[in-house]
Amino acid sequence: EFMQAFWDIEEVQAKAIQLLASFVRDESALPYLPVFTELVTFAMRTHVGSLKLQVDGCNLLLDILSQALEQDVVVALDENAASSLLETARKHSENEELLSLVCTLLMMASASEVAAENLRKVGVIPDLLSILRHFLHNEKICLSCCGVLWSVAGSENNVDHALLKSAVPVTSAVLREHLRNGTVTESACSALWALSLQGCLTENEFEPMTALLLDALRMNPERPVLVKNTCLALASLLRLSEIAALRFVMDSEGSGINLIRDAYHLHHDDPEVVESICMLMNEMVQYGEVV
């Protein structure tokens, strides 16, 4: 009620956010987490020009989502909350620290199908791609943005294919930039898998994408989720293109078959990884003459 009575006074909203932050992890606060989320995002939207309020608001929202996750409480961002976070990103498009917070929030929220759909509706993809282009060096931002892309691109609802196609070169650039960072590479490979399933890759992207995914696998063989999603992305490419199959077998850095064999030896006790490897090998069967 205090926040609602003084929406237009920035100092009041800032103080209220600080007070909420002091007891949001109290067990008694659990039933009110969705209400807190609504209040905080509205305050952020009302005072979008205040950098400090945006930072404090994002940190509080991170606490709220973390607490909700730990306690199995559903707090899905509605369209208004999603739109508010995008307004923050647009207003402070040069502030790397704040954008990192916003992108982390978007990634956490997008784990919910409802929130991922709301993010799609408010047009998150162009904002993500713009942020990635400007902050390609930032590992945390790249990790978060690729995570959101994975969730949104994997949606069964209508997604603008032209937008998703424009995400392919940007996500590929992330992967090339951060090949040695297993966490970022894992997120980028997952996003590329989702994009490939949506038919977003063009014919001239099949071969370089195959080579790039093989590099990711070659440099991060110990990560089961990365291996699984990379194999699934490769399977998707091989299903579409003989050129991709040729590159898979005859890659200049070493045959993909040897890589997959090594991955199987490392992860033979992980049924999801083994299943993805089997799917990839199944796609190779159609190119018997090539192999």
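Here are legends for a few close-up views of this predicted model.

**View 1. The middle of the largest nonpolar core.** This core has 97 residues, and L106, V124, L175, L213 and F248 are the members that touch the most other members. Let's pick L106 and look around it. Skipping its neighbours within four places in sequence, L106 is in contact with L85, L86, L119, V124, L128 and V148. Notice V124 in that group: V124 is also on the list of core members with the most contacts to other members. As background, nonpolar side chains tend to be buried together in soluble globular proteins.

**View 2. Helices α10 and α11 side by side.** Here we have α10, residues 161-177, and α11, residues 182-197. Their axes come within 10 Å and cross at roughly 155°. Angles over 145 degrees count as roughly antiparallel, so α10 and α11 get that label. The crossing itself is left-handed. On the α10 side, the residues that meet α11 are L164, A167, V168, T171, S172, V174 and L175. Facing them from α11 are V184, T185, A188, C189, A191, L192 and L195. Sort this contact by class and you get 11 nonpolar residues, 3 polar ones and no charged ones. One of the α10 residues here, L175, also turned up in View 1 among the core members that touch the most others.

**View 3. Helices α3 and α4, another pair.** This time the helices are α3 (residues 33-46) and α4 (residues 51-70), with axes that come within 10 Å and cross at roughly 160°. That angle makes α3 roughly antiparallel to α4. The way α3 passes α4 is a left-handed crossing. From α3, the contact uses L33, F36, T37, V40, T41, A43 and M44, while α4 brings in L53, Q54, G57, C58, L60, L61, I64, Q67 and A68. By class, that is 11 nonpolar, 5 polar and no charged residues.

**View 4. T88, tucked away in helix α5.** Find T88 in α5, which covers residues 79-91. Is T88 buried or exposed? With a relative accessible area of 1%, T88 is buried. What does T88 touch, not counting residues up to four places away in sequence? The list is M44, V48, Q54, L98 and V102.

View 5. Helix α12 spans residues 203-219 and helix α15 spans residues 256-267; their axes come within 10 Å and cross at roughly 35°. Here too, α12 passes α15 in a left-handed crossing. The contact is made by L214, L217 and R218 from α12 together with G256, L259 and I260 from α15. Those residues divide into 4 nonpolar, 1 polar and 1 charged. Now zoom in on R218, which sits in α12. R218 is partly exposed, at 24% relative accessible area. Leaving out neighbours within four places in sequence, R218 is in contact with D251, E253, G254 and L259. For a sense of distance, R218 and D269 are 51 residues apart in sequence, and their C-alpha atoms are 20 Å apart in space.

**View 6. L19 in helix α2.** Look for L19 in α2, residues 10-23. L19 is partly exposed, with a relative accessible area of 43%. Go 50 residues along the chain from L19 and you reach L69; the C-alpha atoms of this pair are separated by 21 Å.

Technical notes. Residues numbered from 1 in each chain as written. Predicted model: local features only at pLDDT ≥ 70, side-chain atom pairs only at ≥ 80, totals over all residues. Heavy atoms only, no water. Core = buried A, V, L, I, M, F, W, Y, C linked by side-chain atoms within 4.5 Å. Buried < 20%, exposed > 50% of the residue type's maximum accessible area, 1.4 Å probe, protein only. Contact = heavy atoms within 4.5 Å. Axes fitted to C-alpha atoms, helices over the stretch in contact; angles between N-to-C directions. Helix = DSSP H or I, 4+ residues; strand = E, 2+ residues; numbered from the N terminus. Parallel < 35°, antiparallel > 145°, perpendicular 65-115°, else oblique. Left-handed = near helix turned anticlockwise from the far one by under 90°. Nonpolar A, V, L, I, M, F, W, Y, C, P; charged D, E, K, R; others polar.
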